[in-house]
Amino acid sequence: MPRITTLEDLFVEELKDLFDAENQLTRALPKMAKAATAPELKEAIEEHLEVTKQQVERLTQVFAEIGKPAKGKRCEAMKGLITEGKELIAQDIEPELLDVGIVGAAQKVEHYEMAGYGTVRSMATILGHKEAAVLLDQTLKEEQEADKKLTMIAKKYVNVRAMKSGEEG
Ligand SMILES: [Fe+2]
């Protein structure tokens with residue numbers, strides 16, 4: 001790997017990480033949506049899949065904006081988060097409890113992305129990449145919204161069902 005000597009270099013490296021993270025996520029979200037049982041949760045994940053595809057597109061725009069090729073670099077963190085999600089789905093678990101776990105797994109992903117986009121947005125601003133900063137801020141806001149929506153779904157539907165699930169049997 002080439003030596004990173006400038007903030008610009010580091011900025012590009014961080015973008016590559018996010019680009020790969022988002023691409024990994026577009027492949028993982030359909031499996032999570034399929035595993036979720038609460039319709040509200042399933043729908044929210046499917047909706048975020050579409051948003052994620054647009055975010056990949058937006059990152060391509062950011063690369064174009066700074067005159068760099070749109071390339072990814074294996075994001076080990078996203079890989080780990082997705083692996084944990086898959087392990088959860090593979091487990092012998094009550095569907096209502098699986099939903100609670102899926103919300104948690106999805107929120108871990110969102111928080112990772114929020115940290116990543118917050119970082120690159122700050123870098124873009126300080127480097128004078130105004131357009132890139134606007135685009136990255138847009139995605140950051142979408143990730144925050146997705147996170148809030150997951151919290152809402154957990155409180156309103158998923159957690160309530162999980163509490164009741166043990167009572168019936
Ligand atoms: Fe994303």
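Read along the sequence, the protein chain follows the pattern α-α-α-α-α. Its secondary structure comes to five helices and zero strands, where helices (H or I, at least four residues) and strands (E, at least two) are DSSP runs numbered from the N terminus. The model is predicted: local features need pLDDT of at least 70 and side-chain atom pairs count only at pLDDT 80 or more, whereas totals for chains, interfaces and linings use all residues. Residues are numbered from 1 along each chain as its sequence is written, and side-chain values use heavy atoms, with hydrogens and water left out.

The C-alpha trace of the protein chain spans about 60 × 30 × 20 Å along its principal axes. Of the 169 residues in the protein chain, 44% are buried (under 20% relative accessible area, with exposed over 50% and partly exposed in between; 1.4 Å probe, protein chains only). Among contacts (heavy atoms within 4.5 Å) with a separation of 6 or more, 80% are between residues 24 or more positions apart.

**Packing of H1 and H3**

Helix H1 (residues 7-35) packs with helix H3 (residues 76-90) at an angle of about 10°, and their axes are 10 Å apart. Axes are lines fitted to C-alpha atoms, for helices over the stretch in contact, and angles run from 0 to 180 degrees between N-to-C directions. H1 is therefore roughly parallel to H3 (angles under 35 degrees count as roughly parallel, over 145 as roughly antiparallel, 65 to 115 as roughly perpendicular and the rest as oblique). H1 contributes Ala 21, Gln 24, Leu 25, Ala 28, Lys 31, Met 32 and Ala 35 to the contact, and H3 contributes Met 78, Lys 79, Ile 82, Lys 86 and Ile 89. The residues of this contact divide into eight nonpolar, one polar and three charged; Ala, Val, Leu, Ile, Met, Phe, Trp, Tyr, Cys and Pro count as nonpolar, Asp, Glu, Lys and Arg as charged, and the others, Gly among them, as polar.

**Aromatic pair**

One aromatic pair is found in a search of the whole structure. The ring centres of Phe 19 and Phe 63 are 5.6 Å apart and their planes lie at 85°, so the pair is edge-to-face. Rings of Phe, Tyr and Trp (its six-membered ring) pair if their centres lie within 6.5 Å; planes under 30 degrees apart count as stacked, over 60 as edge-to-face and the rest as tilted. Because Phe 19 lies in helix H1 and Phe 63 in helix H2 (residues 39-65), the pair ties together parts that are 44 residues apart in sequence.

**Buried residues**

The table lists the accessibility of selected side chains.

| Residue | Relative accessible area |
|---|---|
| Phe 19 | 12%, buried |
| Phe 63 | 0%, buried |
| Met 32 | 11%, buried |
| Ile 153 | 2%, buried |

Met 32 is placed in helix H1. Apart from neighbours within four places in sequence, Met 32 is in contact with Ile 45, Ile 89, Ile 102, Ala 105 and Ala 106. Ile 153 is found in helix H5 (residues 130-168). With neighbours within four places in sequence left aside, Ile 153 is in contact with Glu 40, Leu 41, Ala 44 and Val 158.

**Helix H4**

Helix H4 (residues 95-127) has 33 residues and reaches 48 Å from its first C-alpha to its last, close to the 48 Å expected at 1.5 Å a residue. The expected span is 1.5 Å times one less than the number of residues. Gly 128, whose phi is positive, near 80°, follows H4.
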